[in-house]
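Hello,

Here is the structure I promised to pass on to you. Please open it alongside this note, and the rest of the email will walk you through what turned up.

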Amino acid sequence: QGLRNHGNTCFMNAVVQCLSNTAPLAEVLALGRYRARGGRAEVTHRLAALVRALWTRDYTPQLSAEFKNIVSKHSVQFRGNAQHDALEFLLWLLDRMHEDLGTASPAQQTHGPKEEVGGPRRGGHTPWLRVGGCPRQVWDRGSRDVLGGGGLESSLTCPHCLKQSNTFDPFLCISLPIPLRQTRALNVTLVLQCERRRFVRVGLAVPLLGTVAELREMVAREGRIPPEQVILAEVSPRGFLRSLGDAEELGAAGEGAPLYAFQPPPARRAGTAPPRPRHWLAAACPPRSDWLGACPPPAARSSDCLHPGAGGRILLLLCNTAGDGPRLARFGPPLVLREERGVSWEQLQQSILAQLRALLRGEVRAQGAGALFRIRLAGGSAPCAYLSPQDPRPLCHPAIDRALQLSEAGGPPHVKLTVEWDMSTKERLFGNIQEEVVQDAESVRLQEQAHRQQHSCTLDECFQLYTKEEQVPAALP
């Protein structure tokens, strides 16, 4: 039943409602099971009458008005019609009830003594709540005179000498922390080497304060691959954005663009030569050297910057785009392949086309097609670094070396390349294909459903968080 507001008495009404709905205390007040100290228990008597009226549905505004007048009589602070804090009034009211009933209020007790390990524990009727251990019984239900309060036992242990000190402090009220959700739902698309499970999107519950290294471990477990082989990158509808390094925080991961996890293809055994794809493109694809205007000038070609040790194989992440300006969009799945650094443009193009062969429309006749697309280095410091078809070794460009160095903190060293097609060639070879078709695992639905629900907690979980052991920073000398 509601209470009448007598002019900014909402703080007072809220406290009365809380006490009235605290079953042990409401029983003591409504049934008169308390022993007042003489005729001085006016506040407790008025509160008991008000609580009794609420439970018997005999409430009238006069009862709450009389309670307000008694409070004003015994407390200058709450006189008048000013606004006040409900917690301050609760602490005053509980302390006043202890005075009315002739019991020692925890707020009036002196702090308990410190006790070394092996010393006597506090006994009697005083309940103690342990900090740094499991919570004990807080309320003393054996005594009807105890209306609230308890004791707090804090234990401090030195990590060096292991000396322990116990401190006992009485309390009238405890402000418990509320456990917040510690995870968020994050979908990651796995690009695996397994043919039966090539593209699959999984749902993960990632920690809010975690790092990318933790995410890499979770993705590795989902894909059943070693964590050191996982490459994490954000891929937007327009292409690659960035790779994620292990030291980065997870707060913004996956918010700028969908997150992809790439599994590199197995490394080639030493002594074996990689098979070179044959020319198999249709004759309807003439060379497009007329729109390679963004290629770097001859002075920037990698053939002029070759150095010993420029060979070996590197990992390439590929993303196909078509159109320009606002119409620029990614199509097909992002790909990952290993390639020799010393390959020519023609060999690199054939390796890329071999990865896209399943997306081509109809039959094609084997024939060389020249430069069908442009290749741009994505996610690097130079946003418009294009590889040149005239370069004998385009993957030995200095920009490739810089990209490899920047990616060392995020899984295997790799380079992100954007393959840019003009719209007519894309439509002729691939049709209206858009982004890849990804199968959602059951974990996607489960994690979204779990994190969509309102987070709730129990009172026991609040106590567990309050009594959780923590390490105190060492004092400066």
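This is a predicted model: local features need pLDDT of at least 70, side-chain atom pairs count only at pLDDT 80 or more; totals for chains, interfaces and linings use all residues.

Residues are numbered from 1 along each chain as its sequence is written, and side-chain values use heavy atoms, with hydrogens and water left out.

**The chain as a whole**

The chain has eleven helices and 15 strands; helices (H or I, at least four residues) and strands (E, at least two) are DSSP runs, numbered from the N terminus. Of its 477 residues, 42% count as buried. The chain exposes about 25,700 Å², and carbon and sulfur atoms supply 53% of that area, computed by the Shrake-Rupley method with a 1.4 Å probe. Among contacts (heavy atoms within 4.5 Å) with a separation of 6 or more, 68% are between residues 24 or more positions apart.

**Aromatic pairs**

Back to our two phenylalanines. Rings of Phe, Tyr and Trp (its six-membered ring) pair if their centres lie within 6.5 Å; planes under 30 degrees apart count as stacked, over 60 as edge-to-face and the rest as tilted. The count comes to twelve aromatic pairs by this rule. The ring centres of Phe67 and Phe89 are 6.5 Å apart and their planes stand at 85°, so this pair is edge-to-face. Phe67 belongs to helix H4 (residues 61-74) and Phe89 to helix H5 (residues 86-100), so the pair ties together parts 22 residues apart in sequence. Both rings also belong to a cluster, linked by ring pairs, with Phe11, Phe78 and Trp92.

Another pair is Phe331 with Phe430: the centres are 5.3 Å apart and the planes at 50°, so this one is tilted. It links distant parts of the chain, with Phe331 in strand E11 and Phe430 in helix H9 (residues 423-430), 99 residues apart. Phe331 and Phe430 are both buried.

**A five-stranded sheet**

Strand E11 also takes part in an open sheet of five strands, ordered E11-E10-E14-E12-E13, with mixed pairing; two strands pair if DSSP finds at least two bridges between them. Strands E11 (329-340) and E13 (386-387) are the edges, each pairing on one side only. Strand E12 (residues 374-377) runs antiparallel to E13, over two bridges, and Ile375 stands opposite Leu387 in E13.

His451 sits in helix H10 (residues 442-452). Its side chain makes a polar contact of 3.0 Å with that of Thr183; such a contact is a pair of N or O atoms within 3.5 Å, where within protein one must be able to donate a hydrogen and the other to accept it, and residues adjacent in sequence count only if both atoms are side-chain atoms.

Finally, Leu162 has a positive phi of about 65° although it is not a glycine. Leu162 lies in the loop between strands E3 (150-157) and E4 (164-171) and is exposed, with a relative accessible area of 62%. Arg224 has a positive phi too, of about 55°, and is exposed at 78% relative accessible area.

Best wishes

Definitions and conventions
Buried means under 20% relative accessible area, exposed over 50%, partly exposed in between (1.4 Å probe, protein chains only).
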